[in-house]
Amino acid sequence: MSHSSKPLEQLVKELPPRLQDELRDFAEFLLQKRQRGVGKTLRQDWAGALSDYRGQYTSLELQKKALEWRGD
């Protein structure tokens with residue numbers, strides 16, 4: 001029987017305790033990563049916010065100004 005056809009629970013039981021702990025840590029990491037991503041959508045409310053400056057600056061100059069304004 002290949003490992004891929006065994007139930008996950010059985011595979012976990014066959015691991016030594018140290019590797020079971022690692023697997024638990026990894027599973028918790030995956031769950032946390034998934035929870036962080038749930039409900040987050042890409043905000044685009046900033047789009048067009050610098051349009052007032054279009055005539056004053058080139059796109060490169062605007063990029064540099066934006067960094068200044070942010071404090072970077």
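Predicted model: local features only at pLDDT ≥ 70, side-chain atom pairs only at ≥ 80, totals over all residues.
Student: How many helices and strands does the chain have, and in what pattern?

Tutor: The chain has 3 helices and 0 strands. Read along the sequence, the pattern is α-α-α.

Student: What makes the chain more spread out than a compact globule?

Tutor: Its radius of gyration is 25 Å, whereas the globule rule gives 11 Å for 72 residues. The value is well over the rule, so the chain is more spread out than a compact globule. The C-alpha atoms fill a box of roughly 70 × 20 × 20 Å along the principal axes.

Student: Why is K6 called buried?

Tutor: The relative accessible area of K6 is 16%. Buried means under 20%, so K6 with its 16% is called buried.

Student: How do you know that K6 forms a salt bridge with E14?

Tutor: The closest N and O atoms of K6 and E14 are 3.0 Å apart. The cut-off for a side-chain nitrogen of Lys and a carboxyl oxygen of Glu is within 4 Å, so the pair K6 and E14 counts as a salt bridge.

Student: How many salt bridges does a search of the whole structure find?

Tutor: The search finds 2 salt bridges. One of them is K6 with E14, and R24 also forms a salt bridge with D21.

Student: What makes R24 and D21 a salt bridge?

Tutor: Their closest N and O atoms are 3.4 Å apart. That is within 4 Å, so R24 and D21 meet the definition.

Student: Where do R24 and D21 sit relative to each other?

Tutor: Both are in helix 2, and because R24 and D21 are 3 residues apart there, about one helical turn separates them.

Student: Why are R24 and D21 called partly exposed?

Tutor: R24 has 48% relative accessibility, and D21 has 42%. The class above begins over 50% and the buried class is under 20%, so R24 at 48% counts as partly exposed, and so does D21 at 42%.

Student: How far apart are the mean positions of the positive and negative charges?

Tutor: The chain has 13 positive and 11 negative charges, and their mean positions are 2 Å apart.

Student: Where is Y57 found, and which residues does Y57 touch?

Tutor: Y57 is in the loop between helix 2 (17-37) and helix 3 (59-70). Leaving aside residues up to four places away in sequence, Y57 touches L62 and K65.

Student: What makes Y57 partly exposed?

Tutor: Its relative accessible area is 25%. The buried class needs under 20% and the exposed class over 50%, so Y57 at 25% is partly exposed.

Student: How is E61 placed, and what separates E61 from L8?

Tutor: E61 lies in helix 3 and counts as partly exposed at 39% relative accessibility. E61 and L8 are 53 residues apart along the chain, and their C-alpha atoms are separated by 55 Å.

Definitions and conventions: Residues numbered from 1 in each chain as written. Heavy atoms only, no water. Helix = DSSP H or I, 4+ residues; strand = E, 2+ residues; numbered from the N terminus. Buried < 20%, exposed > 50% of the residue type's maximum accessible area, 1.4 Å probe, protein only. Contact = heavy atoms within 4.5 Å. Rg over C-alpha atoms; globule rule 2.2 N^0.38 Å. Lys, Arg positive; Asp, Glu negative; His and termini not counted. Charge placed at Lys NZ, Arg CZ, Asp CG, Glu CD.
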